[in-house]
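Subject: Structure handover

Hello,

Here is the structure you asked to have passed on. My notes on what was found in it follow below.

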Amino acid sequence: MTQPLPAGATIGIIGGGQLGRMLAMAAARLSFRTVILEPQADCPAAQLANGQIVAAYDDPAALDALAAAAAVVTYEFENVPVAAAERLAGKVAVYPPPRALEVSQDRLAEKRFIREAGISTAEFHPVDSDATLAAALAGFGGTGVLKTRRLGYDGKGQHVFRNAAASETAGVFAAMGGVPLILESLVPFEREVSVIAARGQDGSLAAYDPAENVHRDGILHSSTVPASVPPATAARARDAAFALLASLDYVGVIGVEFFALADGSLVVNEIAPRVHNSGHWTEAACLVSQFEQHVRAIAGLPLGATTRHSDCVMENLIGDEVLRVPQLLAEPDLLLHLYGKTEVRPGRKLGHFTRLSER
């Protein structure tokens with residue numbers, strides 16, 4: 001695509017969750033239509049989109065229908081089948097590119113890619129048996145975090161070892177599903193931070209200020225901006241995100257999660273080739289949110305300013321925390337966003353809110 005999308009053009013979105021919903025909202029503000037590919041009918045995104053194709057993400061007929069309906073296709077989660085994205089890319093522009101999915105879906109490939117880009121990660125070893133786990137763990141002094149290489153999210157598919165003996169590895173590979181694993185060294189970080197960055201079709205780059213993140217039970221609880229890191233560390237985080245975008249020939253918004261160490265250095269934890277939970281604060285504290293930024297990028301429009309007018313704290317509403325809504329709505333300087341999900345269950349993200357304060 002070389003020309004910006006005209007007003008009224010349709011953007012296809014694979015995935016019907018809250019991120020797709022917020023992308024559809026941002027697209028509508030810029031006069032674009034949206035169609036969602038999602039197997040769940042009446043999903044959060046489809047409630048606000050112009051149409052939905054109810055089918056599996058890898059359904060060939062559904063993918064062809066999406067390509068025929070849309071001028072460009074994007075996605076709201078990183079576990080879209082790579083083959084599906086490649087099939088679409090043969091018929092319509094797909095942003096971010098399928099290569100970004102391929103890299104991010106396998107933690108081993110992701111770590112190797114980040115290292116090849118000249119950016120630090122935790123030490124790591126592939127694990128495909130109890131024996132390789134024991135050997136890798138011994139190399140880390142009995143301490144490390146074992147993860148499934150694919151499909152883990154919000155802390156799922158992980159096992160932490162601390163000063164473990166070799167005997168403690170017996171049966172772990174089978175207990176983790178007998179799937180390819182990766183053992184990562186534990187990083188002695190002071191805080192977790194993330195950068196939301198974007199790259200346009202013309203190669204232009206933009207990044208929001210780093211957010212400081214707090215996780216509970218493996219799920220993001222809050223993001224605070226500004227993060228408690230020196231300006232030089234914030235600049236290094238931005239530059240690392242830009243390097244990854246360039247290496248992938250990326251178009252769209254990316255989330256890059258870092259561990260910040262006591263000496264000011266950074267270690268990349270993971271990348272997410274999509275709009276990101278830790279960037280939700282941008283809809284309240286910036287004139288151009290991460291969602292509008294992503295739409296601008298994939299539509300061939302100029303990237304927007306990333307400056308923020310306020311400091312802020314974003315918190316997720318998870319499970320029955322949604323019962324706080326009446327009290328939250330009574331607060332000044334607070335933006336609340338609910339996702340249209342009617343079923344409340346533990347661990348489910350039902351919304352978020354952002355409290356603003358003066359810079």
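Helices here are DSSP runs of H or I of at least four residues, and strands are runs of E of at least two, both numbered from the N terminus. Counted that way, the chain has 11 helices and 18 strands. Please keep in mind that this is a predicted model.

Overall shape

A compact globule of 359 residues would have a radius of gyration near 21 Å, and the chain agrees with that at 20 Å. Along the principal axes, the C-alpha atoms fill a box of roughly 60 × 50 × 40 Å. Of the 359 residues, 56% count as buried. Taking contacts between residues at least 6 apart in sequence, 61% join residues at least 24 apart.

In soluble globular proteins, nonpolar side chains tend to be buried together. The largest nonpolar core in this chain has 49 residues, and Ile14, Leu88 and Phe258 touch the most other members. Helix H8 (residues 231-247) gives this core its largest share, 7 residues. Another core, of 40 residues, lies apart from it; Ile13, Met22, Val295 and Met314 are among its members.

What does leucine 88 touch, leaving aside its neighbours within four places in sequence? The contacts of leucine 88 are Ile14, Leu63, Leu66, Ala67, Val73 and Val94.

The antiparallel pairing of E6 and E9 runs over 4 bridges, and histidine 125 stands opposite leucine 183 in E9.

Helix H6

Which residues of helix H6 (residues 130-139) are buried? They are Leu133, Ala136 and Leu137. These three are on the same side of H6 because they cover an arc of only 100° around the axis. An α-helix has 3.6 residues a turn, so residues three or four places apart point the same way. On the other side of H6, the exposed residues are Ala131, Ala135, Ala138 and Gly139.

The buried residues of H6 pack against strands E6 (124-127), E7 (144-148), E8 (158-161) and E9 (181-184), and against helix H7 (172-175).

Regards

Definitions and conventions
Residues numbered from 1 in each chain as written. Predicted model: local features only at pLDDT ≥ 70, side-chain atom pairs only at ≥ 80, totals over all residues. Heavy atoms only, no water. Buried < 20%, exposed > 50% of the residue type's maximum accessible area, 1.4 Å probe, protein only. Arc of directions from axis to C-beta. Contact = heavy atoms within 4.5 Å. Core = buried A, V, L, I, M, F, W, Y, C linked by side-chain atoms within 4.5 Å. Pairing = 2+ DSSP bridges. Rg over C-alpha atoms; globule rule 2.2 N^0.38 Å.
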